[in-house]
Amino acid sequence: MPDDARQSTRLDRTIGPVALLFTGITGIIGSGWLFASLYAAQLAGPAAIISWIIGGGVAILLALVYAELGGMLPLAGAIARIPFFSHGGMCGFMAGWLCWLAYVATAPIEVSAVLQYASNYLPWLTRTETGERVLSVHGLIVAAVLLAIFLVINLAGVRWLARANTTITIWKLAIPIVAALALMIASFQTSNFTAYGGFAPEGIDGIFAAVSGGGVMFSLFGFRTAVDMAGEARNPQRSVPIAIIGAVVISLLIYILLQIAFIGAVPQAHLAHGWHLLSENVAGGPFAAFATILGMQWLAAALYFDAVLSPSGTALAYTGATARINYALAENQQFPHLFLVLNAARVPVWALVFNFGLGFLLFLPFPGWAELVGFISSAAVLSLAFGPVSLAALRHQKPDLRRPFRLHAGRIVSAISFVLVGYVVYWTGWDTNWKVFALALAGAVLLSLLHVKRGDFSMLHARQSLWFWIFLVGLAAISFAGNYGNGLGLLRHGSDMALVTVLCLGVFQLAIRSRLSDEETAALFADAWGEGNRQ
């Protein structure tokens, strides 16, 4: 590649460690803190606290995996690039494709949250459809304007993005903590934890369902934004592990505090018909509604302001991170080369513009917050399944590659993480999973057609991706016959989880054995770094 071409597709490394940490935090604390406590409690009752602990365990283990991978390979769009090195073209594409599907829907869902809260004082922004608030025509116009603002900020470059994001994150950390403590001081009814069906009115199924469908996973996996911006970190070997692990731990503690405060603050009159109908009373914004009921107008005002700022900060972070996935797949020669083009501020301009248009179109079939949560969770978690596999494979393929953070007992932790990914996808339920599985298959077909057009299948690496398709078909069968999201309910409780466990452990071993040869991986590394280190 000519020098001037390499320069036009080379990202700047300008993000410091604090800014990268705040990018991870602002990716986690978005609309999730405004709504996840409500929807998790609706599914699990007070036992939603356990859902957060389970979700936090999953997120921390995966964060540890990606801390090693991100520090070792600090690349733009690393979630797509790393599986490409360990298992080749198809696996790299599927990781990026699934992650991209989840990412491109995240900015719209955050904007939807902003407008849903704002509809309490601007009712023309939303309308009611089947008991849920969704965007009206006027709301869609405002949504387009907000997405355009996030586009412009990202086009200005990561230095401006980092400065704006740091300011937003300081506020985003303070307000949830203040809100939780204020509600606990003003009204904390301990009877809410045991009345109205007990601590776990929906049993263990409700706890597991809340992990996937209650917004827990949707919220916690925002740490991925720090992984995807790693290619622009000044000192990635130090910054990336700190940012990933720090973002998850800090945010998880805040979310657990919020869930406890939420359960204790719910007025008993709102629970007359049980936890599962709670959203009918506070769908427009639970924390602000409780603050108003308790006479804390100052807190309600701060929450309505934060309902604009927090989701906007997350949308801002994901607008940039999503473009890095386009960039990474273009680097893999699996998306158009157009997405490698950078503007004068050294950001992928056409990737940002394309994602802006597609993001707005997602408002048409998914005009409300609740409609998108399960889909994003399943697609995002499935994309992260490649991380544990790649970590174990690269330990064989590149044992001497510098690892600033080396995960102790990495293969064991990776295997456990892979099993947990299978659990979370299964808990999402058949209603949502079949859509994600269908889109995964559609992505594979598109990539295969691309290789047919080129007449070259050498970089498809179909054999190395066989494990993923066994994993997908197995999860689809268990999900269809299982007990979540309108599955057929043919599997006994316990036996379904045992089947997922056996499937995941078997596939994990197959995936490690199916890795690229050491020579093939070395050739991919040489190609990526032998052209002047474009990253």
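Student: At what angle do helix α15 and helix α16 pack, and how far apart are their axes?

Tutor: Helix α15 (residues 297-331) and helix α16 (residues 349-361) pack at about 115°, with axes 8 Å apart. This is a predicted model, where local features need pLDDT of at least 70, side-chain atom pairs count only at pLDDT 80 or more, and totals for chains, interfaces and linings use all residues. Residues are numbered from 1 along each chain as its sequence is written, and side-chain values use heavy atoms, leaving out hydrogens and water.

Student: Why are α15 and α16 called roughly perpendicular?

Tutor: Angles of 65 to 115 degrees count as roughly perpendicular. The angle here is about 115°, and therefore α15 and α16 are roughly perpendicular to each other.

Student: What makes E68 and R395 a salt bridge?

Tutor: The term asks for a side-chain nitrogen of Lys or Arg within 4 Å of a carboxyl oxygen of Asp or Glu. For E68 and R395 the N to O distance is 2.8 Å, so the pair meets that definition. E68 lies in helix α4 (residues 48-72) and R395 in helix α18 (residues 386-397), so the pair ties together parts that are 327 residues apart in sequence.

Student: Which residue also forms a salt bridge with E68?

Tutor: R403 does, its closest N and O atoms being 3.1 Å apart. Salt bridges with shared partners join E68, R395 and R403 into one network.

Student: Why is E68 called buried?

Tutor: Buried means under 20% relative accessible area. E68 has 1%, so E68 is buried. R403, with 10%, is buried by that definition too.

Note on methods. Axes fitted to C-alpha atoms, helices over the stretch in contact; angles between N-to-C directions. Helix = DSSP H or I, 4+ residues; strand = E, 2+ residues; numbered from the N terminus. Parallel < 35°, antiparallel > 145°, perpendicular 65-115°, else oblique. Buried < 20%, exposed > 50% of the residue type's maximum accessible area, 1.4 Å probe, protein only.
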